[in-house]
Amino acid sequence: MDELSQEKGFYFSYQSSLIDLDEMVTIPSYEGQVAGFLRVILGEDYEFKEHDKYLIIKYAPGKLDVDLIEGKKRSILRGKVRDLRSGEAVPFASVYEKNTMVSSLSDKNGDFELKYKREPDDLVWLAISKEEYRDTSFVILPSVDVGLRGKPRKLRFYPEDGAAEAMENSAIGRLLIGFRQRVQRLNLGGFFAESPMQVSLTPGLSSQGVFNSQMINNFSLNIFGGYTAGVEGLEIAGIFNINQKDVKAFQVAGIFNMTGGDVDGFQVSGIHNFVYGKVNGFQVGGIYNHVKEDINGGQVAGIYNFSHGSSDIQIAGLLNKTNQTNVLQIAGLSNQAIHSTGAFQVAGLYNYSQGEVSFQIAGLVNKAENVTGAQFSGLINIAKSSDYPIGLINLIEDGQKSLSVGIDETGLGQIIFRSGGGKLYGLIGTGIMEQSEKIMYGFDFGLGLHIFKKEKTGMDFEFVNRQTTDFSGLTNNSSFFRLIPGYKFGNHFKLAAGPSIGFTAFDKNWSDPTPGYVISERTTTNGRNSLHAGFYAGIQYLF
């Protein structure tokens, strides 16, 4: 079937459960039309129809017939749908007039009734469709006094992809989509008609009747809510819009929009937007947006955005989640992307990407595969590769981590953990010193830059903020700038020592002299402020 499709330039369309593609087929040879070949391999219980570039395969072992009943009123056409072979009544068959799309469903006894205006000389093209039956058409000649003069509407065909069925079987679909609309979809099997406009009070209570689910409208107004085939223009609903296929241009609903196909344009709802296909444009949801395929545009939600495919832009009050992010994610709490193509992620707490990102900014944790730009976090950055992580702890696979012991001009003996990427690293440390019979404890937080790194030598520049306290009310705050040359010996050890310049705001009760060489000093009622020079020296264990 794939070879036939490629050679002849068309597509097969059928329900996935209809044909077992793994079944072996053995025929000596065949020469003739494709439809004939399909009859050879599938049998006579199947119907084959052409529409545009599609060859539609339908399981249709049954054949239909209709008994017309002449009504007293010229605007009413009545009849009974029967099985051609058995003569038994066929319930819930779709009956419609092709030119006007006036439609009805046969009842449990096979009876139907069509009501419409007509002109005496018009032909009536009566079509009957039913699942597992062949589509049947009748032409009623002018002598039969029914019909309606009008321009024939254009028919379209969309191959079945399972989205409409999934939408109807969802919790919302089961609640709001009626039995008659479901039967119409099954009977008509992917065929839809165009209409300039429709007005619905609820699904099924519409200016187009039960045929509303098969009509593609330019303008659609749903007072409470409606179920249509799609819209190419504008659709407005007080509560909800449900569309079996595509939405193009603009759609707005007070509560939610549900679309079985694609959205091309702008979609906005008070609470929720759900799209089974793609979005080419923008979605705005008061609470939640959900797209099954790709988003070529953006999503904005009060709480949560979710895409099973790729997304260009996602902005949410709490959470964004997508299979692949391409441009930007902004969330109050968390961004998650399974893959990425160099996007920018900003989150209040947590960013996650299994792919490559350009920048990540998070209040607590960033995690990514590769980061081409920078990572900013309040606590931890995690990546396979990241040259510019800015955080207290940076767990970079191709970066460097070290644990060191050292001392500076203050006399504070320190233990410092340094971790980072190819260029930047963070540091966090603690220490202890004895000063005028007082035990002082120091806590360091800082950021470093590898100015250069060679096999044995290197040069680092560090900024360190320190708080020194005795936990009894005495506290000094210091900031240091350090230039630290280093020499590596062996595989894991490095000696580092270099000058520093520090600024310290001493507690007003601090009476000891300023350590190191005092460059400038000033005393106020709040304490002593000193600018001083000194040194740092230590030994690092690299791992």
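**Entry 1: helix H5**

How many residues of helix H5 (residues 179–188) are buried? I counted a residue as buried when its relative accessible area is under 20%, exposed when it is over 50%, and partly exposed in between, with a 1.4 Å probe and protein chains only. By that rule 7 of the 10 residues of H5 are buried, and the helix is mostly covered. I listed them: Gln181, Arg182, Val183, Gln184, Arg185, Asn187 and Leu188. After H5 comes Gly189, with a positive phi near 50°.

Some ground rules for my notes. This is a predicted model, where local features need pLDDT of at least 70 and side-chain atom pairs count only at pLDDT 80 or more, while totals for chains, interfaces and linings use all residues. Residues are numbered from 1 along each chain as its sequence is written, and side-chain values use heavy atoms, with hydrogens and water left out. Helices (H or I, at least four residues) and strands (E, at least two) are DSSP runs, numbered from the N terminus.

**Entry 2: the sheet of S1, S2 and S3**

I looked up the strand order next. Three strands make an open sheet, ordered S1-S3-S2, with mixed pairing; two strands pair if DSSP finds at least two bridges between them. Strand S1 (11–13) and strand S2 (46–51) are at the edges with a single partner strand each, so one side of each has no neighbour in the sheet. On average, neighbouring strands here are turned by 25° against each other, direction ignored. My angles come from axes, which are lines fitted to C-alpha atoms (for helices over the stretch in contact), and run from 0 to 180 degrees between N-to-C directions.

S1 pairs with strand S3 (residues 54–59) in the parallel sense, over 3 bridges. Phe12 has Leu55 in S3 as its bridge partner.

**Entry 3: helix H2 on that sheet**

What lies across S1, S2 and S3? I found helix H2 (residues 34–42) there, running at about 155° to S2. In H2, I noted Val34, Gly36 and Leu38 as buried. The buried residues of H2 pack against S1, S2 and S3, where contact means heavy atoms within 4.5 Å. Just after H2, Gly43 has a positive phi of about 105°.

**Entry 4: Pro61**

I found Pro61 in the loop between S3 and S4. Pro61 is partly exposed, at 23% relative accessible area. Leaving out residues up to four places away in sequence, Pro61 touches Asp45, Arg85 and Glu132. I also checked Pro61 against Asp312: they are 251 residues apart in sequence and 47 Å apart in space, C-alpha to C-alpha.

**Entry 5: the largest nonpolar core**

Which residues have the most contacts inside the largest nonpolar core? They are Val81, Val95, Phe112, Leu114 and Ile128, in a core of 13 residues. Strand S4 (64–69), strand S5 (76–83), strand S8 (111–115) and strand S9 (124–129) each supply at least two residues of this core. A nonpolar core here is a set of buried Ala, Val, Leu, Ile, Met, Phe, Trp, Tyr and Cys residues joined through side-chain atoms within 4.5 Å.

Not counting residues up to four places away in sequence, Val95 touches Val81, Phe112, Leu114 and Ile128, among others including Val102 and Leu126.

**Entry 6: aromatic rings**

I paired rings of Phe, Tyr and Trp (its six-membered ring) if their centres lie within 6.5 Å, calling planes under 30 degrees apart stacked, over 60 edge-to-face and the rest tilted. The count comes to 23 aromatic pairs. One of them is Tyr158 with Phe192, edge-to-face at 5.6 Å centre to centre and 75° between the planes. This pair links distant parts of the chain, 34 residues apart: Tyr158 is in the loop between strand S11 (155–157) and helix H3 (163–169), and Phe192 is in strand S12 (residues 191–202). Tyr158 is buried at 19% relative accessible area, and Phe192 is buried at 1%.

Phe506 and Trp510 have ring centres 6.1 Å apart and planes at 15°, so I noted the pair as stacked. Both Phe506 and Trp510 are buried. Lys438 lies over the face of Trp510, 5.3 Å from the ring centre, while Arg528 lies over the face of Phe506 at 4.4 Å from the ring centre. For this, NZ of Lys or CZ of Arg has to be within 6 Å of the ring centre and within 35 degrees of the ring normal.
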